[in-house]
Amino acid sequence: MYFASDNSGPVHPQVMAALNAANEGYQMAYGADTLMNEVRDRIRGIFEAPGAAVYLVATGTAANSLALATLAQPWETVFCSPVAHIHEDECNAPEFYSGAKLTLVPGEDKMTPEALRGSILAEETRGVHGPQRGPVSITQVTERGSVYSLAELQALCAVAKQYGLPIHLDGARFTNALVALNCSPAEMTWKAGVDAVSFGGTKNGLMGVEAVVFFDESKAWEFELRRKRGAHLFSKHRYLSAQMAAYLQDDLWLTMARQANANCARLADGLRAKGASFLHDPQANMIFAQFSRARHKQLHEAGAVYHLWGAELDDSDDAEILACRLVCDWSISAEQIDQFLDLL
């Protein structure tokens, strides 16, 4: 009953097999391995972007921070949600690598075009003394488990483009959003107006690899330099390539995301039947549910692993309603979900 994070789940056996196969013999280093050529072609294919620049890094923080550093000048500001991962969970890495600051667009979860426009208009008002307008970063799936619709993405991108600003998509859970929307990668990125995407894999069954895709190939060389200068260019790069190649083989990436989302839907349906309420409507593979402290205690004592949200599991009133975050990955079984619900 492990619902703490999709980072905590196992690597898919097909990915482990691919790593073992890649361990045979010798390959050129630093991304010159033959597998990387295959990965680059596959990613360009699934994004319908034959001219895209494609790179691999080992962490989502590196993907987001280096991509934003490539899109932003040090005197600019990056517009993002107050609950964006780049703001809450990356220890100022985007600011460190880019030199730019973050401007938090008002809102509780998703950005709206109106709020984004207001935040953009509030900058470049102080001449040389204030930050200049920079990239817009959109988190898809959001940190509260919500999914931007294609229309919502297009509306945000339209506002950014009106002011000549590039758009970065933080897709740590890119595939969970994709299968929820039942759309193509192109529709959720460059066709909507996105310039660069962090195409996540670690949260979806990989050991540790994320792709950075620039639809504007003119950014390629700068990103390569920033990746090297930032100490994120792997010498034994083939082990990143092998993971991503297995991920894309026979649509494994889609299969795992569909399973994670289905697991979440099963859990959400069961929680509703038990009378639990939700802080946010579950749309992908994350649930923010509320039930009593007594039930939380019972679940934890039985071995369930998940995080409370803004509360503590102490000796306070057992009837008090506490929120929690439950995250499903591809590997969680129906039996584990049902065991959790039976205890609840």
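Visitor: What separates the centres of domain 1 and domain 2, taken over C-alpha atoms?
Guide: 29 Å, with the domain bounds coming from an automatic or database domain assignment. The contact (heavy atoms within 4.5 Å) takes 23 residues from domain 1 and 18 residues from domain 2.

Visitor: Where do the two domains run?
Guide: Domain 1 is 13–250 and domain 2 is 253–343. Residues are numbered from 1 along each chain as its sequence is written. This is a predicted model, where local features need pLDDT of at least 70, side-chain atom pairs count only at pLDDT 80 or more, and totals for chains, interfaces and linings use all residues; side-chain values use heavy atoms, leaving out hydrogens and water.

Visitor: How much area do they bury between them?
Guide: About 1,700 Å², 60% of it on carbon and sulfur atoms. That's the accessible area (1.4 Å probe) that two parts lose on being put together, summed over both.

Visitor: Which residues in domain 1 lose the most?
Guide: Arg 144, Asn 176 and Val 179, together 29% of what the domain 1 side buries.
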